Amino acid sequence: MRSPASSLATLVQAAVAADPAATAVVAGDDRLDYAGLDARSSRLGRLLVERGAGPEEVVVVAMTRSVDLVVALLAVVKSGAAYLPVDPDYPAERLAAVLATARPVLVLTDRATGFASDLPTVVVDDLAEGPAEPPTPAPGGGHPERLCYVMFTSGSTGVPKGVAVTDADVVA
C-alpha cells in the first residue's frame, strides 16, 4: 500500500531506484527505460523552472501521444507546476476560454502538433541534451496536495470548467 504522502514524482523515483533499466514507457516502436525517463524529464523540468514554471503555475501540454509526451508531463510535475493537456483541434473559442481561465505561463508542444500561442513556447523536438539533474530545488514537488494537472470539461452548460487534480488524487 502506498503512503498517503506519496507523490507522482516520488513514485517514479522509487521505480528508477528499484530497476532503472526496466521499461517505463512504450509508444509504438519507441521505448524508454526508467533511467532515461528520469534523465530526460529532469532536463526538461529544469528548463521549465528556468522559464517560469513552478508551484501554483500551469503549463499547457499540446503534444502527440508519444514517449516525449510522457517525458513532458513528468517534467512539468518535477518543476512543481501543474500540466494542462489541450487538444489543438478544439474550436478556437473553446481554447481561448480554457487558456483565459487557466492562465498558463508556458506551452510545451512538439513539431507534429505545432500548437500556436502568444505564450512562451518550448518545442520539445528542438531541445538539445543538457545536464540530467532534477530541477533545483524541486519547488512544490512531492507534496500530496500540490496541484498535479487541470482538465477542462464542458459540463452541462457547454462552457469549459476546470477540474483540479492533486498529486494525492493521482497516486490514490
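Which exposed residues does the face of helix 1 turned away from its buried side carry? Select Ala17 and Ala18: those are the exposed residues on that face. (Buried is under 20% relative accessible area, exposed over 50%, partly exposed in between, with a 1.4 Å probe and protein chains only.)

Before moving on, some housekeeping. This is a predicted model, where local features need pLDDT of at least 70 and side-chain atom pairs count only at pLDDT 80 or more, while totals for chains, interfaces and linings use all residues. Residues are numbered from 1 along each chain as its sequence is written, and side-chain values use heavy atoms, with hydrogens and water left out.

**Stop 1: the other side of helix 1**

Stay on helix 1 (residues 8-18) and pick out Ala9, Val12 and Val16, its buried residues. They span an arc of only 65 degrees around the axis, so they sit on the same side of helix 1; the arc is taken from the directions from the helix axis to the C-beta atoms. The background: an α-helix has 3.6 residues a turn, so residues three or four places apart point the same way. Now show helix 2 (34-50) and helix 3 (67-79), which are included in what covers those buried residues.

Colour by secondary structure and you get five helices and eight strands. These are DSSP runs (helices H or I, at least four residues; strands E, at least two), numbered from the N terminus.

**Stop 2: helix 2 to helix 3**

Select Arg40 and Asp68, whose side chains meet in a salt bridge at 2.1 Å, N to O. (A salt bridge is a side-chain nitrogen of Lys or Arg within 4 Å of a carboxyl oxygen of Asp or Glu.) Asp68 is in helix 3 and Arg40 in helix 2, 28 residues apart. Asp68 is partly exposed at 25%, and Arg40 is partly exposed at 28%.

**Stop 3**

Go to Arg111, which is linked with Asp125 and Asp126 in a network of salt bridges. The Arg111 to Asp126 bridge is 3.0 Å, N to O; the one to Asp125 is 3.9 Å. Arg111 is exposed at 57%, Asp126 is exposed at 51%, and Asp125 is partly exposed at 30%.

**Stop 4: the aromatic pair**

Finish with Tyr83 and Tyr149, stacked at 5.1 Å centre to centre with 15 degrees between the planes. (Rings of Phe, Tyr and Trp, its six-membered ring, pair if their centres lie within 6.5 Å; planes under 30 degrees apart are stacked, over 60 edge-to-face, the rest tilted.) Tyr83 lies in strand 4 (residues 82-85) and Tyr149 in strand 7 (residues 147-153), so the pair ties together parts 66 residues apart in sequence. Tyr83 is buried, at 13%.

Notes. Contact = heavy atoms within 4.5 Å.
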